Amino acid sequence: MNKRKKRLVILGSTGSIGQSTLDVIRRFRDRYGVVGLAAGRNSGLLARQVEEFQPEIVAVESEKQAGELRRNLGRSRVRILCGEAGYEEIASVATADMVVSAITGIAGLKPTLAALRKGKDLALANKESMVVAGDLIRKIAARTGSRIIPVDSEHSGVFQCLRGRDKKFIKKVYLTASGGPFLRVPLEELSTKTLAEALRHPRWKMGQKVTIDSATMMNKGLELVEARWLFNLRPDQLGVLVHPQSIVHALVEFLDGSVLAQLSQTDMRIPIQYALSYPERLESPLPSLDLAEVRSLEFFPVDEQRFPLFGLARKALAAGLSFPVVLNAANEVSVQAFLEEKISFGQIFEIVSYCLNHHQPRALAELDDILAVDRESRGQAQLYLKKMKGNIT
Ligand SMILES: NC(=O)c1ccc[n+]([C@@H]2O[C@H](COP(=O)([O-])OP(=O)(O)OC[C@H]3O[C@@H](n4cnc5c(N)ncnc54)[C@H](OP(=O)(O)O)[C@@H]3O)[C@@H](O)[C@H]2O)c1
């Protein structure tokens with residue numbers, strides 16, 4: 001019997017996760033159809049994706065990109081939306097079964113919420129949404145019956161280890177971290193590492209923001225907060241192990257001392273494919289994982305002197321309330337400034353720690369509360385940035 005295709009909307013289709021998702025879909029065209037694609041500014045690549053996947057609707061950042069896209073597409077009848085409202089509309093389009101949330105940063109939050117409010121299944125890559133609004137996301141998903149399936153390899157690993165297991169038996173969940181490009185550089189050289197060096201990740205090929213987050217290990221801190229909400233665990237049940245080979249993605253320790261781990265090749269198409277096919281498993285074209293060839297798997301604790309942003313994230317997770325929102329906002333502002341070569345690598349920590357230290361924490365019940373803290377923290381980070389520049393000149 002022919003199964004109906006699963007209809008997908010991909011938010012962030014021109015990014016690293018978006019393109020890998022389309023690569024998975026290419027291999028399983030009989031199973032998946034693309035109803036919507038959303039990108040930011042890369043209207044050239046989006047136009048090629050539209051021609052190949054023939055979605056009914058697309059969304060871009062602004063009228064300017066919409067105009068470019070129209071010119072690139074010629075006589076295509078695809079509906080083109082733009083701006084925040086456009087992203088929310090495409091994420092909640094009636095014809096979609098599942099939304100892949102892979103826009104970077106808090107820009108992904110509103111469309112993610114829109115998808116959940118309509119009861120869509122969510123393949124979640126945009127960790128920043130969970131970091132700033134995990135509680136709200138859980139509540140909306142519980143109300144509408146949306147299933148949230150993680151795309152992040154570590155969370156996919158935990159998700160797979162936990163399937164069919166009662167949460168009350170979990171002792172601790174460990175996410176692994178490759179350690180990024182600066183795992184072994186002398187400590188005194190760290191603060192002056194250049195953009196090009198920070199973008200040279202030894203294991204994963206990803207978008208720029210998440211690559212810098214991996215170099216500072218803020219990424220792993222954000223992932224801890226993401227895991228806290230995805231799996232409804234206490235902060236003290238979460239840990240990180242540095243594992244440079246990036247073969248083991250997550251480990252779950254149970255009360256009786258048994259530890260389950262999830263292993264796979266270092267390729268995002270594996271967790272993406274699982275998120276799309278869940279609860280089924282489809283054959284992967286990638287070669288089998290050959291542990292005899294890998295030979296050794298190392299694990300060690302995170303050195304918070306080397307990765308102080310990870311330390312800040314761990315503290316924000318433990319403190320809860322509005323701290324994770326501040327952490328994320330200050331980090332987004334400072335990583336962007338580092339990407340634009342306005343600050344040094346070491347100054348990312350300086351800005352994030354300044355914003356956290358000057359924050360008056362509060363409870364966040366509604367989206368508006370979250371967005372208000374996000375705005376304030378961005379403003380504070382921008383001001384601090386200006387002050388820094390004033391000191392330099
Ligand atoms: N890459 C990975 O291996 C990986 C692994 C796990 C989790 N994640 C998470 O997945 C998310 C995406 O990561 P990525 O590596 O795929 O990032 P990326 O390569 O930088 O792609 C980001 C995507 O989001 C779009 N975008 C960026 N800012 C936007 C905005 N303000 N409004 C609308 N669209 C916007 C970009 O559009 P344009 O390019 O068209 O401007 C692009 O399609 C992040 O949250 C990241 O932490 C990534």
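Reply: Phe 182 is buried, with a relative accessible area of 2%. The model is a predicted one.

Phe 182 has a ring partner, Phe 345. A search of the whole structure finds six aromatic pairs. In this pair, the ring centres of Phe 182 and Phe 345 are 5.1 Å apart and the planes stand at 85°, so the pair is edge-to-face. The cut-off for that label is an angle over 60 degrees. Phe 182 sits in the loop between strand E8 (170-177) and helix H8 (195-198), while Phe 345 belongs to helix H15 (residues 345-357), so the pair ties together parts that are 163 residues apart in sequence. Phe 345 is buried too, at a relative accessible area of 9%.

Now take a second pair. The rings of Tyr 274 and Tyr 278 have centres 5.9 Å apart and planes at 75°, so this pair is also edge-to-face. Tyr 274 is buried, at 5% relative accessible area. Tyr 278 is buried as well, at 16%.

Pro 279 is placed in the loop between H11 and helix H12 (291-294).

Helix H11 itself is mostly covered. Seven of its nine residues are buried. Tyr 274 is one of them, and others include Pro 271, Ile 272 and Leu 276.

The whole structure has one cavity of 30 Å³ or more. The lining is made up of Ser 153, Ser 156, Gly 157, Gln 160, His 249, Gln 262, Ser 264, Ile 270 and Pro 271. Two elements give two or more residues to this lining: helix H7 (153-162) and helix H11 (269-277). H7 has the largest share, with four residues. By class, the lining holds two nonpolar, seven polar and no charged residues.

The elements that give two or more residues to its lining are helix H6 (127-144), strand E7 (148-150), H7 and helix H10 (218-230). H6 gives the most, with four residues. The lining divides into 13 nonpolar, three polar and six charged residues.

One more ring deserves a stop. The charged end of Arg 228 sits over the ring of Trp 229, 3.8 Å from the ring centre. Further along is Asn 232, in the loop between H10 and strand E9 (238-242). Phi of Asn 232 is near 55°, a positive value in a residue other than glycine. Asn 232 counts as partly exposed, at 33% relative accessibility.

Leu 321 lies in the loop between helix H13 (308-319) and helix H14 (323-339). At 52% relative accessibility, Leu 321 counts as exposed.

An unreviewed UniProt entry carries the annotation "domain: DXP reductoisomerase C-terminal" for residues 263-378. Over residues 263-378 the chain is 58% helix and 1% strand, with the end C-alpha atoms 38 Å apart. The unreviewed entry also annotates residues 8-134 as "domain: 1-deoxy-D-xylulose 5-phosphate reductoisomerase N-terminal". That span, residues 8-134, is 47% helix and 21% strand, and its end C-alpha atoms lie 23 Å apart.

Methods: Residues numbered from 1 in each chain as written. Predicted model: local features only at pLDDT ≥ 70, side-chain atom pairs only at ≥ 80, totals over all residues. Heavy atoms only, no water. UniProt positions renumbered as here; feature names shortened; annotations may be inferred. 1 Å grid on protein atoms, 1.4 Å probe; cavity = no way out; pocket = protein on both sides within 12 Å on 5 of 7 lines; lining within 4 Å. Points joined across faces, edges and corners; volume = space filled by probe spheres on them. Nonpolar A, V, L, I, M, F, W, Y, C, P; charged D, E, K, R; others polar. Phe/Tyr/Trp six-rings, centres within 6.5 Å; stacked < 30°, edge-to-face > 60°. Buried < 20%, exposed > 50% of the residue type's maximum accessible area, 1.4 Å probe, protein only. Lys NZ or Arg CZ within 6 Å of the ring centre and 35° of its normal.
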